[in-house]
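Student: I would like to go through this model by question and answer. Please keep the terms defined as we go.

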Amino acid sequence: MKQKPRFVIFAHNATYDTLHQVGTLGLTAAAMGKDVTVVLLFWTIRKLAEGRIDDVDFSPEHQAAAEEVRRLLKEKKVPLVSEMFREARAVGDFRLVACSAGLEYMGVSGDAVTKQVDAVLGLPAILALTAGAETTLFM
């Protein structure tokens with residue numbers, strides 16, 4: 001059997017606009033039959049651990065438009081990031097992996113994320129898992 005094309009996203013930035021793109025790209029790739037891995041790093045780990053993965057927050061340079069964008073997202077019934085992750089798992093091969101060093105650097109206990117991810121791995125294992133992917137994005 002032919003191996004599915006692998007699609008990898010290294011998710012470092014944790015503002016809503018970035019996480020929305022991680023969710024939509026991951027969901028779309030999974031629906032297209034790709035084997036999707038999202039690697040959570042630094043700020044995305046912290047946001048997940050704090051239960052804020054669905055917060056609609058923006059970087060300072062986009063604050064002027066933040067309220068309008070929040071209104072439009074609600075009006076258009078755009079799904080939450082966590083909903084996109086769940087849907088991606090339901091339609092295809094999609095996994096969330098947290099970097100173990102990121103847990104340490106962000107002061108996050110493993111217990112805060114292990115139930116929300118498919119694996120907590122070190123960098124050697126992450127690099128082995130993601131080597132040779134058809135698509136690799138760093139966001």
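Student: Which residues are linked in a network of salt bridges?

Tutor: This is a predicted model, where local features need pLDDT of at least 70, side-chain atom pairs count only at pLDDT 80 or more, and totals for chains, interfaces and linings use all residues. Residues are numbered from 1 along each chain as its sequence is written, and side-chain values use heavy atoms, with hydrogens and water left out. A salt bridge is a side-chain nitrogen of Lys or Arg within 4 Å of a carboxyl oxygen of Asp or Glu. The network of salt bridges links Arg46, Glu50, Arg52 and Asp55.

Student: How far apart are the closest N and O atoms of Arg46 and Glu50?

Tutor: Arg46 has a relative accessible area of 30%, and Glu50 has 42%. Both count as partly exposed (buried is under 20% relative accessible area, exposed over 50%, partly exposed in between, with a 1.4 Å probe and protein chains only). The two form a salt bridge, and the distance between the closest N and O atoms is 3.1 Å.

Student: What is the N to O distance in the salt bridge of Asp55 and Arg52?

Tutor: Asp55 is partly exposed at 30% relative accessibility, and Arg52 is partly exposed at 30% as well. Their side chains meet in a salt bridge with an N to O distance of 3.2 Å.

Student: How many salt bridges does a search of the whole structure find?

Tutor: The search covers the whole structure, and the pair Glu134 and Lys34 also forms a salt bridge, with closest N and O atoms 2.7 Å apart. The number of salt bridges found is 10.

Student: How many residues apart in sequence are the parts that Glu134 and Lys34 tie together?

Tutor: Helices (H or I, at least four residues) and strands (E, at least two) are DSSP runs, numbered from the N terminus. Glu134 lies in the loop between helix H6 (123-130) and strand E5 (135-138), and is partly exposed at 49% relative accessibility. Lys34 lies in the loop between helix H1 (16-31) and strand E2 (35-40), and is buried at 14%. The pair therefore ties together parts whose separation in sequence is 100 residues.

Student: Are H1 and H4 roughly parallel or roughly antiparallel?

Tutor: H1 and helix H4 (residues 81-91) pack with axes 8 Å apart, at an angle of about 15°. Axes are lines fitted to C-alpha atoms, for helices over the stretch in contact, and angles run from 0 to 180 degrees between N-to-C directions. Angles under 35 degrees count as roughly parallel, over 145 as roughly antiparallel, 65 to 115 as roughly perpendicular and the rest as oblique. H1 and H4 are therefore roughly parallel.

Student: Which residues is Thr37 in contact with, leaving aside neighbours within four places in sequence?

Tutor: Thr37 lies in strand E2 and is buried, with a relative accessible area of 4%. Contact means heavy atoms within 4.5 Å. Leaving aside neighbours within four places in sequence, the contacts of Thr37 are Phe7, Val8, Ile9, Arg95, Val97 and Leu129.

Student: What is the phi of Lys77?

Tutor: Most residues other than glycine have a negative phi. Lys77 is found in the loop between helix H3 (66-75) and H4, and is exposed at 72% relative accessibility. Although Lys77 is not a glycine, its phi is positive, at about 55°.

Student: What is the phi of Phe42?

Tutor: Phe42 lies in helix H2 (residues 42-49) and is partly exposed at 32% relative accessibility. Phe42 is not a glycine either, and its phi is positive, at about 30°.
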